[in-house]
Amino acid sequence: MKEFLQPLFLYWDGFKIPLLRKKILTTLLILAFFRFLAHIPVPGVNLDLLRQFFQQNQILSLLDIFSGGTLANFSIAALGLGPYINASVMFQLLTMLIPRLEELQKEGEYGQAKINQYVRLATIPLSALQSLGMYGILKTQNIIPSLSWAVLLALVLSMVAGTMIMIFLGDLISQYGLGNGTSLLIFAGIVARYPVTVLQTGTAYQGSGNLFNLLVVLILIIVLIASIVMVDEAVLRVPIQSARRLGSGRTPLTQTSYLPIKVNTAGVMPIIFAVSLASIPSMLGGFLGSVPSLSSFARQISSIFSTTGYVYPIFYFLLVLLFTYFYTTVVFKPKDIADQLRKNGSFIPGIRPGQATEKRLSYLLSRVTVIGAVFLGAVAVLPNLAQRVTGISTLTVGGTGILIVVSVIIELTRKIENVVQMYRYERFTR
């Protein structure tokens with residue numbers, strides 16, 4: 001019982017620290033403002049028909065979870081951070097292809113600030129295109145009437161402005177709050193929508209009349225949470241030795257430590273990237289469906305990438321694998337770590353410093369990343385497969401949401417624990 005309550009005491013101790021308390025209150029205030037934006041709808045939309053349509057479309061329901069209910073309410077922040085995430089992925093890929101962007105990325109804070117500026121500029125046209133695609137989808141379902149160019153322009157501009165406000169709120173959390181702003185906004189949206197998801201699951205269970213379905217849901221949730229925690233805590237410990245000089249005539253001491261390589265180095269970002277891109281075919285089909293000459297082609301796209309088929313889960317799984325490898329190379333750079341070890345006089349036993357160490361770290365990272373990538377892909381896809389067995393559509397939404405919620409909670413717990421331990425250490429040394 002004491003071990004179970006220990007994290008709660010840790011959080012309480014953290015709230016007593018003035019700096020940490022200020023960060024927590026700032027984060028909560030920004031998240032409260034975000035929830036306020038989620039309930040400011042764009043005029044001219046039949047919200048009852050919109051919510052019924054979202055319950056029948058799993059891809060849009062998943063996007064609604066990530067946007068924190070702003071999409072089902074069709075608020076000014078309906079697009080959420082999706083366009084910004086897509087722009088970030090696009091520029092991360094371009095840095096590998098364009099030498100100028102690669103040089104900027106290596107220039108430290110200045111280069112990163114310039115790239116972030118380019119990402120924000122690219123977010124504006126992407127937001128406009130996605131808002132037009134959403135308008136096309138809802139127009140074909142008779143949820144939004146045909147709008148004049150002036151009204152349509154106002155709708156697009158309001159949704160673009162909502163996305164830029166979301167980016168601003170995320171930056172405020174990252175700078176003045178606690179944790180990563182993008183992850184926390186998505187986390188807040190998922191948590192805010194969980195009561196609706198639970199009610200939908202309960203309704204589906206009542207309709208099925210089968211106790212087996214409810215047991216499968218509960219078992220999946222427990223196994224999923226336990227697996228996420230286990231994989232998130234798993235690390236490969238690479239032994240590192242450092243020579244320490246003791247003066248003339250004395251034998252140097254060799255200290256042994258470990259370089260941890262996490263199994264899930266990329267964290268939750270591959271899932272966020274994959275969800276944003278997996279929705280593009282559906283939105284493209286809805287946008288093209290409003291064009292009479294392309295309506296048949298749009299129906300084919302929507303049919304191929306339907307969540308009831310097998311193309312969507314395979315496509316989703318491959319995207320998660322791709323972005324796991326991609327984001328891991330961004331977070332963990334073997335060349336930089338090998339150079340740092342060489343400068344510190346450290347080395348991997350049996351491996352020469354420099355290029356040999358870099359190759360060894362790259363080899364270990366690639367093997368470990370396979371486990372993390374397959375795990376993330378399985379977590380993303382298995383709820384969709386389980387939904388086919390139980391018939392409960394909210395499983396598809398709930399599985400990915402649980403992954404993000406648990407991962408963000410673990411990340412926040414670590415940051416709070418680090419701050420509390422540092423504060424205790426400073427008080428001890430005074």
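Reply: Start with accessibility: buried means under 20% relative accessible area, exposed means over 50%, and partly exposed lies in between (1.4 Å probe, protein chains only). The model is predicted, so local features need pLDDT of at least 70 and side-chain atom pairs count only at pLDDT 80 or more, while totals for chains, interfaces and linings use all residues. Residues are numbered from 1 along each chain as its sequence is written, and side-chain values use heavy atoms, with hydrogens and water left out.

Me: Why is Glu103 called partly exposed?

Reply: Glu103 has 46% relative accessibility, and partly exposed is the class between buried and exposed. Arg100, at 49%, is partly exposed as well.

Me: What makes Glu103 and Arg100 a salt bridge?

Reply: A salt bridge is a side-chain nitrogen of Lys or Arg within 4 Å of a carboxyl oxygen of Asp or Glu. The closest N and O atoms of Glu103 and Arg100 are 3.8 Å apart, so the pair meets the definition. The two are three residues apart in helix H6 (residues 99–105), which puts about one helical turn between them. Helices (H or I, at least four residues) and strands (E, at least two) are DSSP runs, numbered from the N terminus. The structure holds five salt bridges.

Me: Why is Asp232 called buried?

Reply: Its relative accessible area is 6%, so Asp232 falls in the buried class. Lys262, at 26%, is partly exposed. The side chains of Asp232 and Lys262 meet in a salt bridge, at 3.9 Å from N to O. This pair links distant parts of the chain, with Asp232 in helix H10 (residues 211–233) and Lys262 in strand S2 (residues 253–262), 30 residues apart.

Me: How do you know that Arg342 and Asp339 are about one helical turn apart?

Reply: They are three residues apart in helix H15 (residues 334–343). Salt bridges that share partners join Lys335, Asp339 and Arg342 into one network.

Me: What makes a set of residues a nonpolar core?

Reply: Its members are buried Ala, Val, Leu, Ile, Met, Phe, Trp, Tyr and Cys residues joined through side-chain atoms within 4.5 Å. The largest such core has 74 residues, and those with the most contacts inside it include Ile261, Tyr316 and Phe323. Helix H17 (residues 394–429) gives the most to this core, with 10 residues. A second, separate core of 13 residues includes Met134 and Leu138.
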